[in-house]
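Dear colleague,

Please find the structure below, followed by a short account of what was found in it.

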Amino acid sequence: MSPPEALRAAVAAGVRPSAPAAEAAEAAEVTRAVAEAGGEAVRAIVFFGSRKTRARPDAYSAYDLFVVVSAYSPFYRSLRAHGRLRHRPAVGAVLNAWLPPNQVSLPVTLASGTRSLAKCAVVSAETLARATSPARKDHFIAGRLFQPTEILYAASAEAEEAALDALVSAHALTWQWIRPWLPARFDVADYCRTLLRVSYAGEIRPEPEGRAEALWRAQEDYLRPVYSVLLEGLREEGVLVGVAAGVYAPARAATAGDRLRSRLYFRWSLVRSTARWAKYVVTFEDWLEFLLRKARRHSAQTIELTERERRMPLVFLWPRVIDYLRHKDKR
């Protein structure tokens, strides 16, 4: 992406701690606990999600972390040695190699006595680089890292630079997948709103439709300056045309083929994201209760499961999931 240094500088300026003191201290404490449990295999930890953006988190919101590791087996062996893993390390390593990342829950007791939850997306350094490049296989990782993040831990300067490379690439890639969905003329606010709306619509999420607008309002201080740099870079390359101050148009209109490729990309991503649910039953402790709490928080619905649904959720819970997703935007 040209100018690469300008975009890199804009992203780098946002990946240093910027949350209020108490929140930043808690996030750092949770991160230290995860790094200690993961051992020497942990290369970097990237903080993202509602706790980072402060987009309506509550006391039950988890700390969303990408845990970048040098190799899966040593990481899971270290978790097991610290008493933080209920299954065999080899099981976690095998599942992580299939449709990465794994989602791992690590409860953390803070110095204040408060219990928090780290929701860790475990991914190798090589997979992170590929998942934020044009060679990515789906939208799962890129769709989270184009938003505000912080590198809260790095084992070395080299590991920090590699993590930053992935974040910059995730931002630069947005033009590739958002182009067919943009209006004929747009400014940076239109661009960012479209990013959030299309990205969220491409996944099964418990959040209602208005969540994208709420995220834009919560993240504007970060998104506006970073994507202003991106759009200016595209204009300088000739990919965009400046039609007024801060208003752009594509130099070449999106074709039917572009729109088809984008739809197929998100549909294939949805298939892969749904397939990951099967392994979360193994890798994420209390995954069902976590999902229920999140759905209740975002929808204000009372959701109670039957004994049969709790005993075999992957078999009997689908009708309820489908009904929830159909009606969540109307409530």
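In which helix does Thr194 lie? Thr194 belongs to helix α10, residues 188–201; helices (H or I, at least four residues) and strands (E, at least two) are DSSP runs, numbered from the N terminus.

This is a predicted model, in which local features need pLDDT of at least 70 and side-chain atom pairs count only at pLDDT 80 or more, while totals for chains, interfaces and linings use all residues. Residues are numbered from 1 along each chain as its sequence is written, and side-chain values use heavy atoms, with hydrogens and water left out.

Thr194 is buried, at a relative accessible area of 6%; buried means under 20%, exposed over 50% and partly exposed in between (1.4 Å probe, protein chains only). A polar atom of its side chain lies 2.7 Å from the backbone oxygen of Asp190. Neighbours within four places in sequence aside, Thr194 is in contact (heavy atoms within 4.5 Å) with Ile178, Trp181, Leu182 and Pro183.

The protein has 16 helices and seven strands, and buried residues make up 50% of its 331 residues.

Nine aromatic pairs are present; rings of Phe, Tyr and Trp (its six-membered ring) pair if their centres lie within 6.5 Å, with planes under 30 degrees apart counted as stacked, over 60 as edge-to-face and the rest as tilted. Phe186 and Tyr248 form a tilted pair, 6.4 Å centre to centre with 35° between the planes. Phe186 lies in the loop between α9 (174–178) and α10 and Tyr248 in strand β7 (residues 247–250), so this pair ties together parts 62 residues apart in sequence. Both Phe186 and Tyr248 are buried.

Yours sincerely

Note on methods
A polar contact is a pair of N or O atoms within 3.5 Å; within protein, one must be able to donate a hydrogen and the other to accept it, and residues adjacent in sequence count only if both atoms are side-chain atoms.
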